[in-house]
Every structure is written in C-alpha cells, then in structure tokens.
Amino acid sequence: MNLNKEQKKFLRKLAHSLDPVARVGQNGLSDSVMEELETALNHHELVKVKIRVGDRALRGQTITRLCEKSRAVLVQKIGNTVTLYRKNRKKPGIALP
C-alpha cells in the first residue's frame, strides 16, 4: 500500500498524540515484539514504535524489516520513533482522505 502526501499528512496529525505501543531494543525484532505490534496494528491501525538500536544505518535496516514483517507503511520517522499504518481489512477505523 502506498500513501500520498495528503494521506501521510492526515495520519501524522492523528498520530501526534499517540504514545509508542512497542519498543525495539538492542535484541532487535523479537517474536514478542512482532506479536505485540501485530495486535496493536489490528486494533488501532496507526501506531508508534520506539526503536533503540545502534547507529543510524542499523536503525534504518530495522525499520525496513519492521515494515516488511508487519506489512505496514512507514508514515513518519522522528529520531528513534516511527509511525506505522496498516489498514484493517475487516473493520477499517481510519478513513483516509
């Protein structure tokens, strides 16, 4: 799924007040982190994830793997926090413009 600029702007506005629901630490993407993220994406569609891994390059690789594994779209990345979106096909809660 690709988002245009208007849709990303809309999702960033919605995500502003959200707190991170999952944290990726030095151990990387564990199964428990992925399960927690799957549950959050299924329920909320739009989530923030805190990523605390080594340097910038490793963080970028982790974000890419996180998006691939969860089938989510990266909405924004600010420092160590990323915002992800995945539409719930059964019960969509967010109507994109």
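**Questions on a predicted model**

Biologist: Is Arg71 buried or exposed, and in which loop does it lie?
Modeller: In this predicted model, the residue sits in the loop between H3 and S3. Its relative accessibility is 57%, and because a residue counts as exposed over 50%, Arg71 counts as exposed.

Biologist: What is the phi of Arg71?
Modeller: Most residues other than glycine have a negative phi. Arg71 is not a glycine, and yet its phi is positive, at about 60 degrees.

Biologist: Which residues line the largest pocket, and what is its volume?
Modeller: Arg71 is one of the lining residues, and the others include Met1, Asn42, Ala72 and Val73, together with Tyr85, Arg86, Lys87, Asn88, Arg89 and Lys90. By kind, this lining divides into four nonpolar, two polar and five charged residues. The pocket has a volume of about 240 Å³.

Biologist: How many of the residues of strand S4 are buried, and which way do they point?
Modeller: Strand S4 covers residues 81-85 and is mostly covered, with five of its five residues buried. Thr81, Thr83 and Tyr85 point one way from the strand, while the other way is taken by Val82 and Leu84.

Biologist: Which strands pair with S4, and in what sense?
Modeller: Strand S2, residues 46-51, pairs with S4 over five bridges, and in this pairing Val47 stands opposite Leu84. Strand S3, residues 73-78, also pairs with S4 over five bridges, and here Gln76 stands opposite Thr83. The partners of S4 are therefore S2 and S3, and in each pairing the sense is antiparallel.

Biologist: Which residue takes a positive phi in the hairpin of S3 and S4?
Modeller: Two residues stand between the strands of this hairpin. The positive phi, near 60 degrees, belongs to Gly79.

Biologist: Which residues touch the most other members of the largest nonpolar core, and which element gives the most to this core?
Modeller: The core has 18 residues, and Leu37, Val49, Ile51, Leu66 and Leu84 touch the most other members. At least two residues each come from strand S1 (20-24), helix H2 (31-44), S2, helix H3 (56-70) and S4. The most is given, with five residues, by H2.

Biologist: Which residues beyond its neighbours within four places in sequence is Ile51 in contact with?
Modeller: Ile51, one of the residues that touch the most other members of the largest nonpolar core, is in contact with residues that include Arg59, Thr62, Ile63 and Leu66.

Biologist: Is Thr62 buried or exposed, and which residues is it in contact with?
Modeller: Thr62 has its place in helix H3. Its relative accessible area is 5%, and because buried means under 20%, Thr62 is buried. Leaving aside neighbours within four places in sequence, the contacts of Thr62 are Val24, Leu29, Ile51 and Val53.

Notes
Residues numbered from 1 in each chain as written. Predicted model: local features only at pLDDT ≥ 70, side-chain atom pairs only at ≥ 80, totals over all residues. Heavy atoms only, no water. 1 Å grid on protein atoms, 1.4 Å probe; cavity = no way out; pocket = protein on both sides within 12 Å on 5 of 7 lines; lining within 4 Å. Points joined across faces, edges and corners; volume = space filled by probe spheres on them. Nonpolar A, V, L, I, M, F, W, Y, C, P; charged D, E, K, R; others polar. Buried < 20%, exposed > 50% of the residue type's maximum accessible area, 1.4 Å probe, protein only. Helix = DSSP H or I, 4+ residues; strand = E, 2+ residues; numbered from the N terminus. Core = buried A, V, L, I, M, F, W, Y, C linked by side-chain atoms within 4.5 Å. Contact = heavy atoms within 4.5 Å.
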